Amino acid sequence: MAIVAAIMAPSIGAQTSYAADMNTDRSVLPTHAANLERSLSQQIHGHTGWIYLMSWNSTSSTVNYVGPAESNPYKAKLYMTPTVSAGPLTASTTVNKAVGIVKDTSASGTAIYKEVMDFNSKASNTNSNLLQIVNAMNSNNQHWIQAGLFYDNAGLYGSPAWRMQYDSIQTGGCFTGDFNSVSAPQTVSTGDSIESFIKADGTQAGVYSMGETDLSNNHGTVFGFSESSDTGKTINLGQIDTGSCHYSSGPEEEEQSASSFPVAYNWGSQIFTFGFYDTPTSGKTVSVTGWNTPWGSSCVSVSTPPVSPAQATFTATSC
């Protein structure tokens, strides 16, 4: 952890100098958190394999970690899988459906600055973790970026509690991760109004962040990473299929169990509502020109979602 201590102090002191370089996007983070995020993104830019994790509330922001991914103390124990079969755990994925967004109407294409997903948090039963996931890809579609909220009913991390999972998986390798997946503890309650996001840095090539805001209680976390071979400054929407692996943008629900397949919990229905920002300074678009075909198991159905508003409803069925 020595490397963390060495660079945490400069990150705090640099907030003022970076503030003038901030874009006008304030839809996800308050100003003090956005300034710290900017400082941390400057630190990881050009450092291959570096990541950061920060948390914030209504009055302050905290650096949880910044440095090499292999030294990250928040390593995750599961992946949000791109297949409908069990992931690289003994756990079985019993619900894994995704709806991919084809394009944003205002951009007339798949490249945008930021994607946001609004929903109310839900938990599964004592045997399963219900992950509520937002997906996108990096600018060259070589990396699948995911942020998922879940309550750890399966006890994969010890005592059951809310956690936020952050993944980036290479689209050519199914379970080939770009870093040790991160699982950050959260102070969330069932039914809270949540906004998850994935966005590009907007000014620095190959730098991305994703996070969660508990709108009911005004706090959240942000995770960031850098891809040295990525020259783009946007995220991409759409879907890439490679054999049995599917990489979709937009919403996904995935239920992982600590028991044998199938252990699916009838969690009812859940609505995911989307917004899109073409540039760091543009307003939010709430429409899409289309959705990709849902894929996954028979344990859940997905509504035929409207293109305006961009909203998908997932309903649990018998497995």
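Asp-230 lies in the loop that links strand 12 (219-226) to strand 13 (235-236); helices (H or I, at least four residues) and strands (E, at least two) are DSSP runs numbered from the N terminus. The model is a predicted one, in which local features need pLDDT of at least 70 and side-chain atom pairs count only at pLDDT 80 or more, while totals for chains, interfaces and linings use all residues. Residues are numbered from 1 along each chain as its sequence is written, and side-chain values use heavy atoms, with hydrogens and water left out.

Asp-230 is buried but forms no salt bridge. Buried means under 20% relative accessible area, exposed over 50%, and partly exposed in between, with a 1.4 Å probe and protein chains only. A salt bridge requires a side-chain nitrogen of Lys or Arg within 4 Å of a carboxyl oxygen of Asp or Glu. The nearest side chain of opposite charge is that of Lys-233, 10 Å away; Lys and Arg count as positive, Asp and Glu as negative, and His and the chain ends are not counted. The side chain of Asp-230 does make a polar contact of 2.9 Å with that of Asn-138. Such a contact is a pair of N or O atoms within 3.5 Å; within protein, one must be able to donate a hydrogen and the other to accept it, and residues adjacent in sequence count only if both atoms are side-chain atoms. Beyond neighbours within four places in sequence, Asp-230 is in contact (heavy atoms within 4.5 Å) with Asn-138, Ser-139, Asn-140, Ala-205, Gly-206 and Tyr-208.

Gly-177 is partly exposed, at 27% relative accessible area. Its C-alpha atom is separated by 8.9 Å from that of Tyr-79, 98 residues apart along the chain. With neighbours within four places set aside, the contacts of Gly-177 include Tyr-79 and Ser-168.

Helix 3 (residues 31-44) is mostly covered, with 11 of its 14 residues buried. Among the buried residues are Leu-36, Glu-37, Arg-38 and Leu-40. Just after helix 3, Gly-46 has a positive phi of about 85°.

Strand 1 (residues 50-56) and strand 2 (residues 61-68) run antiparallel and are joined by seven bridges; two strands pair if DSSP finds at least two bridges between them. A hairpin of four residues connects the two strands. Ser-55 has Thr-62 in strand 2 as its bridge partner.

Overall, the chain contains three helices and 20 strands. Of its 319 residues, 54% are buried.

Terms used: Expected span 1.5 Å × (residues − 1).
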